[in-house]
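Please look at the sequence and the structure shown here, and keep both at hand while you read the report that follows.

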Amino acid sequence: MSVDSDAVVQTCMWKDGTGLGPLVLEQATLACFDAVPEILVRTLPHLDSPRAHRRACAAAALGTLARHPSLSPQRPALAIRLVSTAGSAGSPWELATILIATGQLQGDTRPWLTHANMGVRSCAALAPELVIGGGGDLDRSAVLGVCLSPDWSERKGTGMPLESRLEDLIEADPAILGKPLLLVGRQVPTPYGKVIDLLGIDAEGSLHVVELKRDPTPRDVVAQVLDYGSWVQELTNEQIREIYGTYARRKGLAEELDEAFALTFGGSPPEALNSTHSLTVVASEIDAATERIVAYLASGFGVPVNVLFFRYFEDEGRSYLARTWLIDDADAAVPSAGTKVRGKQELWNGTDWYVSFGDETGGRSWEDALRYGFVSAGGGEWFSRTIRSLPLGARVFTHIPKVGYVGVGTVTGEPQPFDEAVLAVDGEERPMSDLPLAGVYRSGGEVAQQDGEDRREWIVPVMWEHAVPRTEALWRTGFFANQNSACKLRARFTIEEVSRHFGVVEDPGDA
């Protein structure tokens, strides 16, 4: 009897209706899956076979077998083994087969992108991560098409024609470096007479030094980028803002870092900038000694240095970039050693505080706070603890979440729970609980101390310098916002813009 498919085979095998056949088949599948690690061990010796056909078959099997979940930790070493085997391949067919397997294990196939054989080039091109504007598979296909071109010798991957051109591309789209970045400077001068090609910042506030070299990178470039790192790690919050301001004015960009940060990452910057940093050398290739030095520093001592390889392709007027990291963990960054966290934050003037006022239906009301002069928070220890830390004389910038800033005022009294709070109304001290209120501030005695936690609403009296209804709230991209009920306000951009809008005189400490 002849059969045409696996489905027909299975139908013919199990006709007794007992269901035992599919069960046996399922158990056999599981047994084969569990046997994969042992099969891989028995396959490895064949990579050293004197017979080319056997070596190629072993490599092909290895590329598939090593995808087994339990073999994940071994993949980097297996990829290196395949690269070594590829170096001694005796024919283009064998080499191409090995490169496909290497690519499956995310091994480095860059050395074969310029191979004379079209098939070898094609297989090598399938492995590196190819980037140009985030095109993904489309870009990989385009580069593969260039590799398949018969006049490859005129189009093969090279370094960038000009270092400045790659610098222009990165400046236009920093994401081609592998993660979203906001550039804060280009050609940034250091006090030591050197100039950093590109300086960026990521969503966590970490700085990224990018140094570009088109030609084979000598070892002194590593020393140069380390020198940059020694300077960058000491940059304070204010210095980073000054660097960005200079760059933004030159480029006609949003001049405030907070605003540019929000446009790039969708939120305000963290209070501490430059708590970590990373150093990246961008090159078309490096010599073996430099590669060893970088790997030694990064892997052995945790120095945040890496090399990013770009290969450049042109085809019919279009340009393509192939990107590969020397060290896989390209996102590794270390704390800026030897620096104080305090210097990484914006300076605090000792007076200004941020208050988040949760204007909620069935809860507290901004209408009440505006009318009677107070801010409040409660519902749990986490919410009330920070509002109770507001000192007498503090200037509070009050923000309604997802609405905007609605008032600036000065704290005039000690925090008190709602049932004990007293507010000055028309020159008279009155219990807050006796006032006509739009909101609700009492949780009920049985709830207020539930589970031993203080859930009472805490009231802090405030004299408003300027305050507006909710409908007239002020919000701009880049303004500071925080989930805490109250915290020290260091965001100079927010302080200046809110003060200007509300006509409030800035505190002398801000100057």
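## Helices α10 and α13

In this predicted model, the axes of helix α10, which covers residues 219–232, and helix α13, which covers residues 288–301, come within 8 Å of each other and cross at roughly 30°. Angles under 35 degrees count as roughly parallel, and α10 and α13 are therefore described as roughly parallel to each other. On the side of α10 the contact is made by Arg219, Val222 and Leu226, while α13 contributes Ala289, Thr290, Ile293, Val294 and Leu297.

Taken by itself, α10 has 14 residues and reaches 20 Å from its first C-alpha to its last, which is close to the 20 Å expected at 1.5 Å a residue. The buried residues in α10 include Val221, Val222, Val225 and Tyr228, and Gly229, Trp231 and Val232 are buried in this helix as well.

## Helices α11 and α12

Helix α11, made of residues 237–251, packs against helix α12, made of residues 257–265, at an angle of about 80°, and their axes lie 10 Å apart. Because angles of 65 to 115 degrees count as roughly perpendicular, α11 is roughly perpendicular to α12. The contact is made by Ile240, Arg241 and Tyr244 of α11 together with Leu257, Asp258 and Ala260 of α12, and the residues of this contact divide into 4 nonpolar, no polar and 2 charged.

With its 15 residues, α11 reaches 21 Å from its first C-alpha to its last, close to the 21 Å expected at 1.5 Å a residue. Its buried residues are Asn237, Ile240, Arg241, Ile243, Tyr244, Gly245, Tyr247 and Ala248, so that list includes Ile240, Arg241 and Tyr244, the residues by which α11 makes contact with α12. After α11 comes glycine 252, whose phi is positive, near 70°.

## The hairpin of β14 and β15

Strand β14, residues 422–425, and strand β15, residues 428–431, run antiparallel and are joined by 4 bridges. As an example of this pairing, valine 422 has proline 431 in β15 as its bridge partner. The two strands form a hairpin with 2 residues between them, and in the turn aspartate 426 has a positive phi of about 55°.

Which residues of β14 belong to its covered face, and which to its uncovered one? Leu423 and Val425 make up the covered face of the strand, whereas Val422 and Ala424 make up the uncovered face.

Conventions: Residues numbered from 1 in each chain as written. Predicted model: local features only at pLDDT ≥ 70, side-chain atom pairs only at ≥ 80, totals over all residues. Heavy atoms only, no water. Buried < 20%, exposed > 50% of the residue type's maximum accessible area, 1.4 Å probe, protein only. Pairing = 2+ DSSP bridges. Axes fitted to C-alpha atoms, helices over the stretch in contact; angles between N-to-C directions. Parallel < 35°, antiparallel > 145°, perpendicular 65-115°, else oblique. Contact = heavy atoms within 4.5 Å. Nonpolar A, V, L, I, M, F, W, Y, C, P; charged D, E, K, R; others polar. Expected span 1.5 Å × (residues − 1).
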